[in-house]
Structures are given as structure tokens and as C-alpha cells.
Amino acid sequence: MIANDLELKASLERIRHLQSQVAHLRQLETDPTNYHLSVSGFLEEIDRMQLEVREYLSLHPGELKASA
């Protein structure tokens, strides 16, 4: 779980990087089956990380300190 704004920033940067990789593969891969196989892990990681970002952003900073 994301614990602070620095980790949030790192997670958002990683998500952007993974999305960029998927977009690049989308342009390169000519076979739809190979494309889906190639990007499935990236997309799962993006989904997992976006959920962590959402959970972090749903909490007020005071709630984060209380749970630490």
C-alpha cells in the first residue's frame, strides 16, 4: 500500500511508464493474439497499482497518520 505522497508520485510515474510500454507494443505487434499475450501482465500491474492509488487518495492525510 502507498504510505505517503512520495510513494504516490513514484506509483503514478510507474503507471505512466507501463502505459507507455503498452501503447508502444500496441503499435508494434501485428498479431492480436500476440498483442494480448504480451500486454496482459502490464495491464494487470496497471490495474493493481491504480487500485492502490485510488485507496491512498480516498483517505484524508489525517487518516493516514492515524493508521500508521
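This is a predicted model: local features need pLDDT of at least 70, side-chain atom pairs count only at pLDDT 80 or more; totals for chains, interfaces and linings use all residues.

**How two helices pack**

Author: The axes of helix α1 (residues 5-28) and α2 come within 10 Å and cross at roughly 155°, where axes are lines fitted to C-alpha atoms, for helices over the stretch in contact, and angles run from 0 to 180 degrees between N-to-C directions. The two helices, α1 and α2, are therefore roughly antiparallel to each other, a term used for angles over 145 degrees.

Residues are numbered from 1 along each chain as its sequence is written, and side-chain values use heavy atoms, with hydrogens and water left out.

Helix α2, residues 32-57, has 26 residues and reaches 35 Å from its first C-alpha to its last, close to the 38 Å expected at 1.5 Å a residue, the expected span being 1.5 Å times one less than the number of residues. A kink of about 40° in α2 is centred on Val-39, the bend being the angle between axes fitted to the seven residues ending there and the seven starting there. Val-39 is also one of the buried residues of α2, which include Met-49 and Val-53; buried means under 20% relative accessible area, with a 1.4 Å probe and protein chains only.

On the side of α1, Ser-11 is buried as well, with a relative accessible area of 12%, and Ser-11 touches Ile-2, Met-49 and Val-53, not counting residues up to four places away in sequence.

Note on methods
Helices (H or I, at least four residues) and strands (E, at least two) are DSSP runs, numbered from the N terminus. Buried means under 20% relative accessible area, exposed over 50%, partly exposed in between (1.4 Å probe, protein chains only). Angles under 35 degrees count as roughly parallel, over 145 as roughly antiparallel, 65 to 115 as roughly perpendicular and the rest as oblique. Contact means heavy atoms within 4.5 Å.
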